[in-house]
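Trainee: I would like to learn how to read charged pairs and nonpolar cores in a model of this kind. Could we go through them one after another?

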Amino acid sequence: GFIYTGEVVHRMLTATQYIAPLMANFDPSVSRNSTVRYFDNGTALVVQWDHVHLQDNYNLGSFTFQATLLNDGRIIFGYKEIPVAVTQISSTNHPVKVGLSDAFVVVHRIQQIPNVRRRTIYEYHRVELQMSKITNLSAVEMIPLPTCLQFSSCGPCVTAQIGFNCSWCSKLQRCSSGFDRHRQDWVDSGCPEESKDKICEKNIDTETPPYSTTTLLPTTTKFRVLTTTRGSTTSNLPTSLPTEDDTKIALHLKDNGASTDDSAVEKKGGTLHAGLIVGILVLVLIVAAAILVTIYMYHHPTSAASLFFIERRPSRWPAMKFRRGSGHPAYAEVEPVGEKEGFIVSEQC
């Protein structure tokens, strides 16, 4: 019950990137009358879920609804048959959602581990519709608000007062806030650094959602960051629960947006690598110096260095006094005459 329009297929689609008129545990194979149809006339794409049933509750009845994507940016959800309140649909086997969500995926290599890439998914926007308003013969229309992507030159881009921090990247000839589907190209082309040096740069602190509707729930300005690490292999379509990724996921919340760039990661990795090499070289020099000093003292026993270590050899240490005898310990501590001083043994917490 949702549409995905991205290029990178991953198992977090139902959590981060979807256009969902009604996402639920639908299974068209449980009924011969269930179909999913689509039609594109050049100005609008219509996808219709026709007489689909819930896999885990067939007796609730069939659902018929559709989503229309128009080339002017509008999105319309239409509902013909909703046999039960959406709030009563179980989300045990599949999440139940109505609305929009989008994210960008940034992929970069890990220098310390060859052939392994770290993929970070930033959910930068979400629109949640009130499920209680989804009934028979109802519809929802979402009208897009202006974004940075609509500007085609630097001047209008950085002077735009649309609620986004728009920046111009001359290499890509693109205006963007940095948070959209083309984030990977934006980072790889060095656009974040370039936008800081531009004369026509303009900083705008506030940011508003790109869609407005009368049925929106209050949303936060935090970013959900989903990080996965995997080998350099092609992702497959989900074969199990769509809300669980096949790798370990670290979920973070950031108030100031996603600020991780590939260039910063590369610089940090390069610095760490250089420090490791310097440490190894210093250790090798210390070991070589110790060997040379030992050889010198062996062949020159009357030198000052040799005499210094001979006078301080372990057999001259006064800490222990050895004695022999059966049934007695191998050594006894040398203690001063008189009463022992008290001591406290501190246990490790």
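Trainee: Which residue forms a salt bridge with E123?

Mentor: Side chains of opposite charge can pair when their charged atoms come close. The term salt bridge is used for a side-chain nitrogen of Lys or Arg within 4 Å of a carboxyl oxygen of Asp or Glu. Here E123 pairs with R126, the closest N and O atoms being 2.7 Å apart, and E123 is buried at a relative accessible area of 6%, where buried means under 20%, exposed over 50% and partly exposed in between, with a 1.4 Å probe and protein chains only. Please keep in mind that this is a predicted model, in which local features need pLDDT of at least 70 and side-chain atom pairs count only at pLDDT 80 or more, whereas totals for chains, interfaces and linings use all residues. Residues are numbered from 1 along each chain as its sequence is written, and side-chain values use heavy atoms, with hydrogens and water left out.

Trainee: How many salt bridges does a search of the whole structure find?

Mentor: The search finds five. One of them joins the side chains of R74 and E141 at 3.0 Å, N to O; because R74 lies in the loop between β4 and β5 and E141 in strand β8, the pair ties together parts that are 67 residues apart in sequence. Strands (E, at least two residues) and helices (H or I, at least four) are DSSP runs numbered from the N terminus. R74 is partly exposed at 25% relative accessibility, and E141 is also partly exposed, at 39%. Through shared partners, salt bridges join D72, R74 and E141 into one network.

Trainee: Which residues touch the most other members of the largest nonpolar core?

Mentor: A nonpolar core is a set of buried Ala, Val, Leu, Ile, Met, Phe, Trp, Tyr and Cys residues joined through side-chain atoms within 4.5 Å. The largest one holds 28 residues, and L22, F63 and F77 touch the most other members. Among the elements that give two or more residues to this core are β1 (18-23) and β5 (75-81), but the largest share, four residues, comes from β4. A second, separate core of 11 residues includes C148, C157, I162 and C175.
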